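Me: I have a model open and would like to go through it with you. Shall we begin with the strands and then turn to the helices?

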Amino acid sequence: MCSFILLISTTAISAEALNEANRWIRSRGPDQTHLQQWQEGPLHMAAVHNLLDISGSAVQQPVHRQPGRVLLFNGEIYSPSDGHTPDTEVLYEQLLNGRLEPFLQAAHGEYAIASLDLSQQRLQLFTDLIGTKPLAYGWTPGQLAIASYPAALNSLGLTEIHDVAPNSRVDLPLDNLLTLQLHEQRLHKLDLRQDATSLQAWNEAFLQSVAERAGHFNSQVFVPLSAGYDSGAICCALNQLGVPYVTATVGDSENLQIIRQRVAINRRASCTHHHWLPAVSDDTAAQLSSWLQQQLGTVRYSHLDDTRTEPIALHDDAGAVGLAVLCKAMRELGFNTLLSGSGADEIVSDYGHGGRKLFEHSEFGGQFPEQLEGFFPWRKFYGDSQRSYLRKDEMVAGLFGIEGRYPFLDRQLIQAFLRLSPALKNARYKHCIASFLEAHNYPYEAGVKTGFYAVQTHFNLLQRLKRKAKHWLKRAQPS
């Protein structure tokens, strides 16, 4: 996990303004901050990069070893990788060779990349298939900037600010900064045939995804362990792979029997310790909520259900507060990598099964059609709660300098799921994950969507009551 800002201007750039903007993203890179300013032709340029050094190499960014060729990178490239050359070095070499885009189309990774080539008068932005790492661009006449968070662009006074979409290559021409021009296209194309009648390819891709994310350079891995499908599958995979890791649970609101069974199984395999953290009080939750708002601003989720008159703010989400509790404790213990189950609900189940919605914001109740053409991408695949919960994981973990990695959002694994026949997709709730757990005798509660609650129930109830009150008050107003 890293963060960066790149500002390109027709006038001189204030280092003080850049440092102030960096306040919003600095926590994502606790190991090193580097600011560089330079001028090439009529353009003034400045970049600041904050590094979380998991590789141990501390590659200084922006990488600017040849005039007019600049690279800024946040994320991980899992393959191709020799396990020795830092990802940033690999990417810069591809940039110099003019092969960056085809390299990324073939690579496995989670990334947000900015590539500047002044010989082409072009800034290119790249995001992985699901857009796991945050990236935004902003413009005002005479200035163009990119940053990990929109708040940094707001701080710089830019007016037209947009998130970079998932699975994108965005071209931003630099020959006229008085107008904003961009060209955007998909970086990856997926095969929508549903012709796989076995789960074998999915199982193999899942194990590979977990192995790549857990074993990349000097990762000190922890898994938030609940009684649910997704965290259980990640732990089960780590056990099969023999990769050392630890688990952590906050509170005791779930099926404690299953959690205890899992802890025992994990400890007999490659899990070295389980940390059971107490749930926090209402007062502590409120203080953490206020702190999150101070650090991140008011960040709105991008999905709604029928009880909400407006998107919930991230700092009001008990899940975000709970993640802050977890990440604070694990960072203090020296861990730098979180393996998250985010995305499984959006890709595999749509928060439902057989057309029955388990949550109101489900789109189609998990009933996949006979043909994906015209149906794909469904709303949650790229957007909706996919964007909301990735934003939560990235921003909250980022406050503690923890790298978020997402095994269920691996491109090869997603492709393997899309290729499954409709019968396999629809056989039961999260059929591919359930089958993986059963194949390895790993306990789970069938047909139940669950997750840990780190905050005592009054805080969760208070947030729900506030949202329902707003909803009914709005409905009661005369039209």
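Me: How do β13 and β14 pair?
Reply: This is a predicted model. In it, β13 and β14 are joined by three bridges and pair in the parallel sense. Within that pairing, phenylalanine 222 is opposite valine 246 in β14.

Me: And how many bridges join β14 to β15?
Reply: Six bridges join β14, residues 245–250, to β15, and the two strands run parallel. Here valine 250 of the pair stands opposite leucine 277 in β15.

Me: What is the strand order of the open sheet?
Reply: The order is β15-β14-β13-β16-β19, five strands in an open sheet with parallel pairing. At the edges are β15 (271–277) and β19 (403–405), each of which pairs on one side only. From one strand to the next, the twist averages 25°.

Me: Is β14 mostly covered or exposed?
Reply: Mostly covered: six of its six residues are buried. Tyr245, Thr247 and Thr249 point one way from β14, while Val246, Ala248 and Val250 point the other way. In a regular strand, side chains alternate between the two faces of the sheet.

Me: Which helix lies across β13, β14, β15 and β16?
Reply: That is α9, residues 318–332, which runs at about 140° to β14.

Me: Turning to helix packing, what is the angle between α5 and α6?
Reply: Helix α5 (residues 200–214) packs against helix α6 (residues 229–241) at an angle of about 80°, and their axes are 9 Å apart. The two helices are therefore roughly perpendicular to each other.

Me: Which residues meet there?
Reply: From α5 there are Phe206, Leu207, Val210, Ala211 and Ala214; they meet Ala233, Ile234, Ala237, Leu238, Gln240 and Leu241 in α6. The residues of this contact of α5 with α6 comprise 10 nonpolar, one polar and no charged.

Me: At what angle do α5 and α15 cross?
Reply: Their axes cross at roughly 75° and come within 11 Å, with α15 covering residues 431–439. That makes α5 roughly perpendicular to α15. On the α5 side the contact involves Trp202, Asn203, Phe206 and Leu207, and on the α15 side Cys432, Ile433 and Phe436. By class, the contact of α5 with α15 has six nonpolar residues, one polar and no charged.

Me: Which residues have the most contacts inside the largest nonpolar core?
Reply: They are Trp202, Phe206, Leu238, Phe381, Phe408 and Ile433, in a core of 57 residues. Elements that give two or more residues to this core include α5, β13, α6 and α15. The most comes from α6, with seven residues. In soluble globular proteins, nonpolar side chains tend to be buried together.

Me: What does leucine 238 touch, leaving aside residues up to four places away in sequence?
Reply: Leucine 238 touches Val210, Ala214, Val223, Val243, Tyr245, Ser270 and Leu339 on that basis. Another core, of 48 residues, lies apart from the largest one, and among its members are Ile25, Leu156, Ala285 and Val299.

Me: A change of topic: where is glutamine 415, and what does it touch?
Reply: Glutamine 415 lies in helix α13, residues 411–419. Not counting residues up to four places away in sequence, glutamine 415 touches Leu190 and Asp191.

Me: Is glutamine 415 buried or exposed?
Reply: Glutamine 415 counts as buried, because its relative accessibility is 17% and the cut-off for buried is under 20%.

Me: Now the backbone. Which residues are joined by a cis peptide bond?
Reply: Glutamine 61 and proline 62 are joined by one, with omega about 5°. Serine 79 and proline 80 are joined by another, where omega is about 0°. Proline 62 is in the loop between β3 (43–51) and β4 (63–66), and proline 80 is in the loop between β5 (69–79) and α2 (87–96).

Me: Which residues have a positive phi although they are not glycine?
Reply: Aspartate 350 is one of them, at about 55°, and asparagine 441 is another, at about 50°. Most residues other than glycine have a negative phi, and most peptide bonds are trans.

Me: Where do aspartate 350 and asparagine 441 lie?
Reply: Aspartate 350 is in the loop between α10 and β17 (352–353). Asparagine 441 is in the loop between α15 and α16 (457–476).

Me: Are they buried or exposed?
Reply: Aspartate 350 is buried, with a relative accessible area of 0%. Asparagine 441 counts as exposed, at 67% relative accessibility.

Notes: Residues numbered from 1 in each chain as written. Predicted model: local features only at pLDDT ≥ 70, side-chain atom pairs only at ≥ 80, totals over all residues. Heavy atoms only, no water. Axes fitted to C-alpha atoms, helices over the stretch in contact; angles between N-to-C directions. Helix = DSSP H or I, 4+ residues; strand = E, 2+ residues; numbered from the N terminus. Parallel < 35°, antiparallel > 145°, perpendicular 65-115°, else oblique. Contact = heavy atoms within 4.5 Å. Nonpolar A, V, L, I, M, F, W, Y, C, P; charged D, E, K, R; others polar. Buried < 20%, exposed > 50% of the residue type's maximum accessible area, 1.4 Å probe, protein only. Pairing = 2+ DSSP bridges. Core = buried A, V, L, I, M, F, W, Y, C linked by side-chain atoms within 4.5 Å.
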